[in-house]
Amino acid sequence: MRPHLKRMIVALAAVVLFGTGSVFASPPTPSPGASETDRSATYLSGRASTLLAQIQEEATGLRVNAETLGTFAWNPRYSWQSHAFYLDRVKGHINAVGERLAELQQIRHTVLPWQQQAITEVTSHAAQVATSTQAAIVHLRENQDRLFASEYRDHLTTIEGRSGDMKQTVDKFLDYEKAQQKFQRLQNELELAGD
């Protein structure tokens, strides 16, 4: 399992280096006679939204487990086994996020600018969660009796903070998409009513 997490960390770190365009752009609306390229771009944009929604679901579970780990950083009553259990759960969520981000990276240049920015920001948070999770796992394996070492506690705090940041980021981008869709729907209704 450890090599899989390492590959994901490397992939996430590499992904962070890509740039993005403006977040504010209207979704493509191909006309009935739209080209195959336009239809493909519309499909891939929809796929990106689906993947972001799946990341949102994973981020919800991730945040809950990360918050629990965050409390462990300051509470000596939890055993190393409890730490290991929640680190494994966090690892499962962040690996699932990483799989979806890998697919998003493959289509990133054909999706809307706001989706490109979402990919970049979510990837940045996910990479930091993955890095701290891996470091915490390594520390725990080697130092089961040193649960209050400042380095280890810092990793738990980072996991908690960045998990929350990732959840909040994906929530905002998906809220933006809903607002754009509502705006487009109202605009279409008003244009139809004016005819």
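Me: Which side chain does Arg-162 meet in a salt bridge?
Reply: That would be Asp-165, with 4.0 Å from N to O. Keep in mind that this is a predicted model.

Me: Where do Arg-162 and Asp-165 lie?
Reply: Both are in helix 5, which covers residues 150–194. They are three residues apart, about one turn of the helix.

Me: OK, how many salt bridges does the structure hold?
Reply: Four. Another one in helix 5 pairs Asp-171 with Lys-167.

Me: What's the N to O distance for Asp-171 and Lys-167?
Reply: It's 2.8 Å for that pair. Asp-171 and Lys-167 sit four residues apart, again about one turn of helix 5.

Me: And Lys-167, is that buried or exposed?
Reply: Buried: the relative accessible area of Lys-167 is 10%.

Me: Which residue does Glu-67 bridge to?
Reply: Arg-63, where the closest N and O atoms are 3.8 Å apart.

Me: Switching topic: where is His-155 found?
Reply: In helix 5, and His-155 is buried, with a relative accessible area of 16%.

Me: What is His-155 in contact with, beyond its neighbours within four places in sequence?
Reply: Ser-132, Ala-135 and Ala-136.

Me: Now the whole fold. How many helices and strands are there?
Reply: Five helices and zero strands, so along the sequence the pattern reads α-α-α-α-α.

Me: How much of the protein is buried?
Reply: Buried residues are 42% of the 195 residues.

Me: What about the accessible surface?
Reply: The protein has about 10500 Å² of it, and 54% of that belongs to carbon and sulfur atoms.

Me: Last one: what share of contacts join residues at least 24 apart?
Reply: That's 84%, counted among contacts between residues at least 6 apart in sequence.

Definitions and conventions:
Residues numbered from 1 in each chain as written. Predicted model: local features only at pLDDT ≥ 70, side-chain atom pairs only at ≥ 80, totals over all residues. Heavy atoms only, no water. Helix = DSSP H or I, 4+ residues; strand = E, 2+ residues; numbered from the N terminus. Buried < 20%, exposed > 50% of the residue type's maximum accessible area, 1.4 Å probe, protein only. Contact = heavy atoms within 4.5 Å. Areas by Shrake-Rupley, 256 points an atom, 1.4 Å probe, with all protein chains shown as cover.
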